[in-house]
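Please open the model in your viewer and keep the sequence panel beside it. The tour below goes from one selection to the next, with a short note on what is there.

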Amino acid sequence: MDYLPIFTKLNQRRCLVIGGGEVAVRKVRFLLKAGAKVTVHSPVFCNELLNLENDNLSLITQTYTAESLSGAWLVIAATDNRAVNQQVAQDAEQLGIFANVVDAPELGSFIMPSIVDRSPIIVAVSSGGNTPVLARLVRAKLEAVLPNYLGPLARLAGEFRHKVQKLLPTVESRRRYWEQIFNAGEVASLLDKGKQDQARAVMTEQLADFKPKGEVALVGAGPGDPSLITLKALQLMQQADVVLYDQLVSQETLSLVRRDAKLVNVGKEAGRHSVIQETTNELLVKYAQQGNKVVRLKGGDPFIFGRGGEELEVLVEHGIDFQVVPGVTAASGCASYAGIPLTHRDYAQSVVFVTGHCKEQGQPIDWSSLARPHQTTVFYMGLMQSEKIKQNLMLNGRSGETPVAIVSKGTRTDQHVITGQLTQLADMAQGVQPPALIIVGEVVSLADKLTWFGEQAPTSYAQSLVNLA
Ligand code: SAH
């Protein structure tokens, strides 16, 4: 970060502008808006400046000397003479006065950002002097999306601040109150129509009745690449009080959670599913009943091999409100990032997602349907079962030459794709790092041509044997 954005209070502070032309006018206007006492030193003044003169603005006909700086908080050098501007910056530097040089930001100690003014909300945008045009474009975009009622809304919130502090003693409850006010949009919509008194009344009413209510959002975190989460997931993660997350959720994704939220790892270890699932259910209920906004963050999509349904049933039993946010499931993520279209007019008209981790007492798998031709079959949790998958598919008629891929750590920067034939599946699985997905079907043959993500092209198992020999 080359520049630290700070917001300075200039009210009644003495600010100096050197130069009396049009560039100076713009800067003077901003300083006056912030309530500064502005002095302009220049041998001549343009008409616009002369017209602006008022109690807070004195125009002094004088060429710049180092004495001009005495008593100033900050100075803006706005002459059209680079040498003078440079001198101003140098003198200011020696005296410890903040200086800005118009059109030559590198000379001064501060720069003036492009601003979006919804006072008291102010957004400042700067490119650090690299490209003011781009900074202005960003500003224009923000200008378009930030509604005009933002200013009145922030002022009204300021008016209520002490009252809210008195009535709601914990930081947590205050935050929830404000989120309720800002998210519901009723107050904003009244302010938008200029109905200040009604907006004030709604805020007072909601403050009197305010009781935080716990709720749970079952959120799909996608397969790993954090940019694959949905906007809704991001919003909920940023509003959460507590986040219960799985082993599969990547660190980068977790870093998007609101900083003050409590993070609880409820990752499951193989073989201990049922015990830990019960604990997770209890924690979900406990945190929600305490009035928290709970996000249950699951790898991929919560409704695909994610036990999402089982957790929701427990919430229903306890009368806890919930919502479900879908995520990109591993099959979609891995297939896209490995360049393997799951369906293709020439190769596969259907796709099946199946778990390779078969519960002993579970329903028997219908292998004949998984071995169908013109179909892509995707195995989740199949790494340890690769020998069984190979045997059963071949016994049920899938050719041993059917292309297969194992995608390990799909969509993450360390994704690894191995391709080969069904007969080689068990050997291919040796040493592969979980989590990994097995994709079986002719579509896999496109991976070589369509590869686009990561440093490495797919590793062909046959080729790796040749290389070893
Ligand atoms: N609900 C998740 C699946 C959970 S089951 C989803 O919709 O994706 C866990 C299995 O998902 C793993 O054993 C693995 O087969 C697969 N998986 C999840 N993330 C993966 C990733 N990034 N790369 C490869 N496989 C992944």
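A nonpolar core, as the term is used here, is a set of buried Ala, Val, Leu, Ile, Met, Phe, Trp, Tyr and Cys residues joined through side-chain atoms within 4.5 Å, where buried means under 20% relative accessible area, exposed over 50% and partly exposed in between, with a 1.4 Å probe and protein chains only. This is a predicted model, in which local features need pLDDT of at least 70 and side-chain atom pairs count only at pLDDT 80 or more, while totals for chains, interfaces and linings use all residues. Residues are numbered from 1 along each chain as its sequence is written, and side-chain values use heavy atoms, with hydrogens and water left out.

Begin with the largest nonpolar core, which has 21 residues, and select V17, V28, L31, V38 and V40, the members that touch the most others. Among the elements that give two or more residues to this core are strand 1 (14-18), helix 1 (22-33) and strand 2 (37-42); helices (H or I, at least four residues) and strands (E, at least two) are DSSP runs, numbered from the N terminus. Helix 1 supplies the largest share, five residues.

Now centre on V40, whose contacts (heavy atoms within 4.5 Å) include V17, V28, L49 and I60, when neighbours within four places in sequence are left aside. A second, separate core has 20 residues, including A371, F379, M428 and I438.

Select next helix 5 (residues 150-167), whose 18 residues reach 24 Å from the first C-alpha to the last, close to the 26 Å expected at 1.5 Å a residue, that expected span being 1.5 Å times one less than the number of residues. A kink of about 45° is centred on F160, the bend at a residue being the angle between axes fitted to the seven residues ending there and the seven starting there. F160 is also one of the buried residues of this helix, which pack against elements including strand 6 (114-118) and helix 8 (196-208).

Four bridges join strand 9 (residues 242-245) to strand 10, and Y245 stands opposite N265.

Finish at T411, in the loop between strand 15 (403-408) and strand 16 (416-421). T411 is buried, with a relative accessible area of 2%, and its contacts beyond four places in sequence include P223, D225, Y337 and F453.

Notes
Pairing = 2+ DSSP bridges.
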